[in-house]
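Me: Please walk me through this model. I want each label set against its cut-off.

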Amino acid sequence: EKDGKRVMATKQQADIGWDVRFRFILDIAVAMRHLHHGVNPPIIHRDLRSPNIFLESTDPTAPICAKVADFGLA
């Protein structure tokens, strides 16, 4: 699209390297594993999509880069 928001989002995506993207995937997988197997009773998220992922850092050496949020409890 030609609107400013879409162009900006595309430019930001190009700035994130594959090492950081892979780290996001690992952080999300660890969070989902914890929700399914690390608590009793298990928590099923049911709404895992990009608006419910918070990016804490784009540094691949950071301890946590991505967090899963929005469990629909509000």
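Reply: The protein chain has 2 helices and 2 strands, in the order α-α-β-β from the N terminus. Helices (H or I, at least four residues) and strands (E, at least two) are DSSP runs, numbered from the N terminus. This is a predicted model: local features need pLDDT of at least 70, side-chain atom pairs count only at pLDDT 80 or more, and totals for chains, interfaces and linings use all residues. Residues are numbered from 1 along each chain as its sequence is written, and side-chain values use heavy atoms, leaving out hydrogens and water.

Me: Why is Ser57 called buried?

Reply: Buried means under 20% relative accessible area, exposed over 50%, partly exposed in between (1.4 Å probe, protein chains only). Ser57 has 19%, so Ser57 is buried.

Me: Where is Ser57 found?

Reply: In the loop between strand S1 (53-55) and strand S2 (66-68).

Me: Which residues is Ser57 in contact with, leaving aside its neighbours within four places in sequence?

Reply: Phe24, Ala62, Ile64 and Cys65. Contact means heavy atoms within 4.5 Å.

Me: What makes Leu26 partly exposed or buried?

Reply: Its relative accessible area is 40%. That value lies between the 20% and 50% limits, so Leu26 is partly exposed. Leu26 sits in helix H2 (residues 18-37).

Me: What share of the protein chain is buried?

Reply: Buried residues make up 22% of its 74 residues.

Me: What share of contacts between residues at least 6 apart in sequence joins residues at least 24 apart?

Reply: In the protein chain, 43%.
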